[in-house]
Amino acid sequence: MGTKDSKAKEYLSDNTRFSEICNYVLFDGEKVIKPEDLKECDTTEVLSVFGIDKKQIVKQKWRDLLKSVSMKHTGQMYVILIGAEAQTDIHYAMPVKTMIYDALNYGEQVNEAKKRHRKNKDYRSSDEFLSGFTLDDKLTPVITITLYLGTTQWDGPRSLAEMMPQMDERILPFINDYRINLLNPLEIIDFSKFETGLRPLFELLKNASDEEKLNDLITKDETFTRVDVETVAAINLFVGTDIKFDEKEEVVNMCKAWDDHKKRGIQEGMQQGRLFEIYLSVQEGDYSAKRGAEKAEMSLDEFEKAMSKAGYKIPELV
């Protein structure tokens, strides 16, 4: 797993952020799932291929995140499993990937039921024994949410059917489709449904390609005056900014940090321009490479390498 994917998983593992994602996708932002309702689950899902005895072929897949959620409905508590896949790049086979994860989890639930019944010897018929699953057994629902953290529009398929060629319409009713639950910040219109650091992250992801909008957001929106350090780090990684901050602080005033970032950029640009002037003067023979290195406050070897890398020629080498 690459650095971005690892960091995305780490950032989303926080229960407050995870519950906010679930509530946005499942309940249009209503606070139905609370952070305390979540419990971390093992993301390694194992499914033995049926029909092969103890020498079974075992397939393993690792989700990014999987959490159980205890919920109340009509006065009764029930549990669902919610998995999250963080995609920093577009995955053109995401419906298949999601379908495999969910199928593996359902298969594992059936296997666990089979083990339990064999241990308790409580099968009531040969059909139940062969199935490993009784008439009264129920599966825990599995929902997978795909969170896209890229800055270009998602143009990948959102369902299994979109991955298939056109075919006879009479066949279509017999093909089970599989749809992904995609959360794409670039498609969000109302960011007010987010109250955690996801809001500034998602807003900046949506406007990452427009420097003017980025500037307006960070300097004019009060949301950016107090952003937690984990989110600022995530913004730097996924949006591509280079905002300096003190990791010891809990929150960052991104407005001030952004202003410092711009000033630093201007200073670096001026410094770069000064270096180019020195390179040009040395190339044209106005003074020696040694003098140029002194003016640039670099060693002669560093100066010559930097000058060559910038595309300038040292007279002695012409």
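Is D246 buried, exposed or partly exposed? With a relative accessible area of 39%, D246 is partly exposed, where buried stands for under 20% relative accessible area, exposed for over 50%, and partly exposed for what lies in between (1.4 Å probe, protein chains only). The model is a predicted one, in which local features need pLDDT of at least 70 and side-chain atom pairs count only at pLDDT 80 or more, while totals for chains, interfaces and linings use all residues. Residues are numbered from 1 along each chain as its sequence is written, and side-chain values use heavy atoms, with hydrogens and water left out.

## Surroundings of D246

D246 is placed in the loop between α7 and β9 (251-252); helices (H or I, at least four residues) and strands (E, at least two) are DSSP runs, numbered from the N terminus. Its side chain reaches the backbone nitrogen of K248 at 3.0 Å. Between D246 and V229 there are 8.1 Å in space, C-alpha to C-alpha, with the two 17 residues apart in sequence.

## Overall make-up

The protein has 10 helices and nine strands, and 37% of its 318 residues count as buried. Among the contacts (heavy atoms within 4.5 Å) with a separation of 6 or more, 57% are between residues 24 or more positions apart.

In soluble globular proteins, nonpolar side chains tend to be buried together.

Once neighbours within four places in sequence are set aside, L149 is in contact with A8, A86, Q87, T88, L201, F202, L205 and F238. Helix α5 (residues 198-206) is largely enclosed by the rest of the structure, because seven of its nine residues are buried. Those buried residues are L198, P200, L201, F202, E203, L204 and L205.

E20 sits in helix α2 (residues 15-27). Although buried, E20 has no salt bridge, and the nearest side chain of opposite charge, that of K31, is 6.3 Å away; in this account Lys and Arg count as positive and Asp and Glu as negative, while His and the chain ends are not counted. The side chains of E20 and T196 are joined by a polar contact of 2.4 Å, that is, a pair of N or O atoms within 3.5 Å, of which, within protein, one must be able to donate a hydrogen and the other to accept it, with residues adjacent in sequence counting only if both atoms are side-chain atoms. Leaving aside neighbours within four places in sequence, E20 is in contact with K193, F194, E195, T196 and L198.

E128, found in helix α4 (residues 126-131), counts as buried at 7% relative accessibility. Not counting residues up to four places away in sequence, E128 touches Y123, F133, T134 and L135.

## Salt bridges

Side chains of opposite charge can pair when their charged atoms come close. The structure holds 18 salt bridges, each being a side-chain nitrogen of Lys or Arg within 4 Å of a carboxyl oxygen of Asp or Glu; three of them are listed below.

| Pair | N to O distance |
|---|---|
| K115 and E112 | 3.6 Å |
| R158 and E187 | 2.4 Å |
| K220 and D216 | 3.6 Å |

R158 lies in the loop between β6 (142-148) and β7 (181-183) and E187 in the loop between β7 and α5, so this pair ties together parts that are 29 residues apart in sequence. R158 is partly exposed at a relative accessible area of 28%, and E187 counts as partly exposed at 39% relative accessibility.

K115 and E112 are three residues apart in helix α3 (residues 94-120) and therefore separated by about one helical turn. K115 is exposed, with a relative accessible area of 52%, whereas E112 is partly exposed, with 37%.

K220 and D216, being four residues apart in helix α6 (residues 211-220), are separated by about one helical turn. K220 is exposed at a relative accessible area of 65%, and D216 is partly exposed at 30%. Elsewhere, salt bridges that share partners join R17, D228 and E230 into one network.
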